[in-house]
Every structure is written in C-alpha cells, then in structure tokens.
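Please look through the sequence and the structure shown below before reading the notes. The notes are grouped by topic and can be followed residue by residue.

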Amino acid sequence: MRLRVEFTTEPFDLDEAPPHAVVARDVLEGADLDAVDVGPFGNTAEGESDGVLTAVDAMLRKALAAGATRVSLQVNVIGDESGEGDK
C-alpha cells in the first residue's frame, strides 16, 4: 500500500524555521520515501506504508521533543499502477 502524509508543525515562525520544523524536515529527508516536499506552510511525503509510518513516528517524536506544540497530520492511501486507492 502507498501512502501520502501531509503535516504542519507549530508554532510558526515566518522569519526562520524553528527547531521543530528543521527536525521534521531532516527526518523526512533521511527516511526511505519516494517523494518529499518541504514548504513553509506544509510538508508532504509519499512512499510505501512501512516507510511512511516509520517516518511519521520518528517525525512526531522528534518534533515534539524539539518544541512543537501542535502537529496537524493527514494520511491518505494513494493509487497504485492499477488506479486503485486514490478515489
């Protein structure tokens, strides 16, 4: 199964990335995922379910430990070559 995760960490800081956002980015970029897109207002990553779920677990633990006070998270099953899953 393939998954897409979208998340944001708070509190926001528009002048520079806070430590919890940097940690979250580092976890995603170092994970076994197929696609990672990190932005100032949201982040997405895609991959096989084991890789995504492992990355989400690590990201939550490390971002909270680094000062995040809120993490908004959405996980979606995405389509495969047969077109199933993303409907």
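A patch is made of residues with over 30% relative accessible area and no salt bridge, and nonpolar side chains are joined into one patch within 5 Å. The structure is a predicted model. In this model, F12, L14 and F41 make a nonpolar surface patch of about 390 Å².

- F12, one of the patch residues, sits in the loop between β1 and α1.
- The relative accessible area of F12 is 47%, so this residue counts as partly exposed.
- P11 is also placed in the loop between β1 and α1.
- The peptide bond that joins E10 and P11 is cis, with omega at about 10°.

**The nonpolar core**

- The largest nonpolar core has 14 residues.
- Within this core, V5, F7, L28, L33, A45, V52 and M59 touch the most other members.
- Two or more core residues come from each of these elements: β1 (2-10), α1 (19-30) and α2 (49-65).
- The element that gives the most to the core is α2, with 5 residues.
- V52 is among the core members that touch the most others.
- With residues up to four places away in sequence not counted, V52 touches L3, V5, L33, E46 and G47.

- Side chains of opposite charge can pair when their charged atoms come close.
- The count of salt bridges in the model is 7.
- One of them is formed by the side chains of R2 and D34, at 2.5 Å from N to O.
- R2 belongs to strand β1 and D34 to the loop between α1 and β2 (35-38), so this pair ties together parts that are 32 residues apart in sequence.
- The side chains of R2 and D34 are also joined by a polar contact of 2.5 Å.
- D34 is exposed, because its relative accessible area is 54% and exposed means over 50%.
- A salt bridge also links the side chains of E48 and R2, at 3.6 Å from N to O.
- E48 is in strand β3 (residues 43-48) and R2 is in strand β1, so the two residues tie together parts that are 46 residues apart in sequence.
- E48 is partly exposed, with a relative accessible area of 43%.
- Beyond its neighbours within four places in sequence, R2 is in contact with D34, E46, G47, E48, N76, V77, I78 and G79.

- D57 and R61 form a salt bridge, and their closest N and O atoms are 2.9 Å apart.
- Both residues, D57 and R61, are in helix α2, 4 residues apart, which is about one turn of the helix.
- D57 is partly exposed, with a relative accessible area of 37%.
- R61 counts as exposed, at 58% relative accessibility.

- T8 is in strand β1.
- T8 counts as buried because its relative accessibility is 16%, and buried means under 20%.
- Apart from its neighbours within four places in sequence, T8 is in contact with F41, G42, N43, R70, V71 and S72.
- L53 is part of helix α2, and this residue is partly exposed, with a relative accessible area of 48%.
- The C-alpha atoms of L53 and V75 are separated by 9.3 Å, and the two residues are 22 residues apart along the chain.
- L73 is in strand β4 (residues 70-78), and this residue counts as partly exposed at 39% relative accessibility.
- With residues up to four places away in sequence not counted, L73 touches V5, E6, F7, V56 and L60.
- The C-alpha atoms of L73 and V22 are separated by 17 Å, and these two residues are 51 residues apart along the chain.

Note on methods: Residues are numbered from 1 along each chain as its sequence is written. This is a predicted model: local features need pLDDT of at least 70, side-chain atom pairs count only at pLDDT 80 or more; totals for chains, interfaces and linings use all residues. Side-chain values use heavy atoms; hydrogens and water are left out. A nonpolar core is a set of buried Ala, Val, Leu, Ile, Met, Phe, Trp, Tyr and Cys residues joined through side-chain atoms within 4.5 Å. Buried means under 20% relative accessible area, exposed over 50%, partly exposed in between (1.4 Å probe, protein chains only). Contact means heavy atoms within 4.5 Å. Patches are made of residues with over 30% relative accessible area and no salt bridge: like charges are joined within 9 Å, nonpolar side chains (Val, Leu, Ile, Met, Phe, Trp, Tyr) within 5 Å. Accessible areas come from the Shrake-Rupley method with a 1.4 Å probe; for residues, only the protein chains shown count as cover. A salt bridge is a side-chain nitrogen of Lys or Arg within 4 Å of a carboxyl oxygen of Asp or Glu. A polar contact is a pair of N or O atoms within 3.5 Å; within protein, one must be able to donate a hydrogen and the other to accept it, and residues adjacent in sequence count only if both atoms are side-chain atoms.
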